[in-house]
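Please open the structure in your viewer and keep the selection tool at hand.

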Amino acid sequence: MILRILYFTLCTIVIAGLVHIAVVLLIPSYGSRDAYARLSRDFPMLDFKAMPEGGSQSPIADMDPFFAYGVCRFDITAEGVRIAAPRIDTFWSATIVNEDGTVVYSLNNRTAIETRLDLLLLSPVQVLRLREAQPPEIENSIVVESDMNEGFVVLRVLRPNESWRKRAREHIEGVKCTAYTPVAAPAQQAPEIPEATEAPSQ
Amino acid sequence: MRLIIPIVLVLVAGLFLGGATAWYSIQHAHRIGAINIGPWTAFPFASADQVDPYTIARGVAEGTVPLGATEGLSFEAFTDSQGRELSLACEYRIEGATPPAKLWTLVTHDSAGRPVTPAPGGKSAIHSNAVVHFPDGTFMIDLARYPRPGNWLAISGDGAFRMVLRIYDTPVTSSAGSAPPPMPRIVRETCAS
């Protein structure tokens, strides 16, 4: 009898362990309260929008009241995405987050080129195409390579006091989030290409 | 038939135990992969590749978006420096220094997660540019119901609350683990009975 009880206790522990591991690992795929699931309801793809403020209405649970937030959802499976903002002289930071809620890349105004947000988020294949095409954008855009599919970018703009509220909002409304396919620069770059391809073949 | 009852029991108990322990570990994920400095807790790796599954699950369950390593680090405190739960019935003094940063913000939330209602004439959140610092870079902030000279964070209401100190653009996120960065102390003063 004691052996029997021991046996069933052991079975219970093994099942509990399996359930524990399964629950922890499956929450990212099946959770419905996470930021991405909530964003998917209110934010269309490739549309940079200011985040509604305050309370439980907000799709992101831990917002800093001193910051204005803007969000854009995207899917880079087929095409890359370009996120470009005008210049603003307050502190800002941006994060690229994948579906599971893991940060893929982040930057702030100090680490950006000329303190301006200009990001190209591409899949590895698209990065190869970009290298081939050498479009003018690569001069002043930060190129981020990632094997993610769906995700979103969160831009946080500091508004230290009430007088900044309107400016931060206008800044967020000016951000563009568009699908991006590298296109070679026309005209003057065209003659250079044959030269480059001839070199290796002797 | 005699075997079915134990099997069902084992399954039900296993499911319950597994679910309960998973839920508990996710809620208390700050024991795993977090740094604790005094009463402050942060997840420096919530955004890196080596995130542990508990921290990911916690972020998903709570609907939060972590600050990226280049953005900053978010610290939370539920207790004072002596380990007593933060209560809106008490007055507190926050003193000391933060890790080097371009900017930090300090926000108070009540137990329901809403920002604490500020007492008349004040605010329940503050940022570093609005804080008067001592010449050596340290600072002192009073959390109280009534106006205080110096830096005053106006709290009101009752019940438990928590503080969130977000540090933006800090080298701590790239050097975490080498030495514990300085964090301010939370000292409890008088409590209304």
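**A tour by selection**

Begin with chain A of this predicted model: among its contacts between residues at least 6 apart in sequence, 72% join residues at least 24 apart. Chain A has 202 residues, of which 37% count as buried.

Next, show both chains and select the residues in contact between them: 42 residues of chain B touch 42 residues of chain A. On the chain B side, the elements that give two or more residues are helix H1 (4–27), helix H2 (53–62), strand S5 (103–110), strand S6 (125–127) and strand S9 (161–168). Which of these elements gives the largest share of that side? Select H1(B), which supplies twelve residues. Coloured by class, the side of chain B that touches chain A shows 23 nonpolar, 13 polar and six charged residues.

Now turn to a sheet in chain B. Select its four strands, which form an open sheet in the order S8-S7-S4-S10 with mixed pairing. Strand S8 (151–154) and strand S10 (185–191) of chain B stand at the edges; each has a single partner strand, so one side of each is left without a neighbour in the sheet. From one strand to the next, the twist averages 20 degrees.

How values were computed: Residues numbered from 1 in each chain as written. Chains lettered and ligands numbered in written order. Predicted model: local features only at pLDDT ≥ 70, side-chain atom pairs only at ≥ 80, totals over all residues. Buried ≥ 20, exposed ≤ 12 C-beta atoms within 10 Å, placed from the backbone. Contact = placed C-beta atoms within 7 Å. Nonpolar A, V, L, I, M, F, W, Y, C, P; charged D, E, K, R; others polar. Pairing = 2+ DSSP bridges. Axes fitted to C-alpha atoms, helices over the stretch in contact; angles between N-to-C directions.
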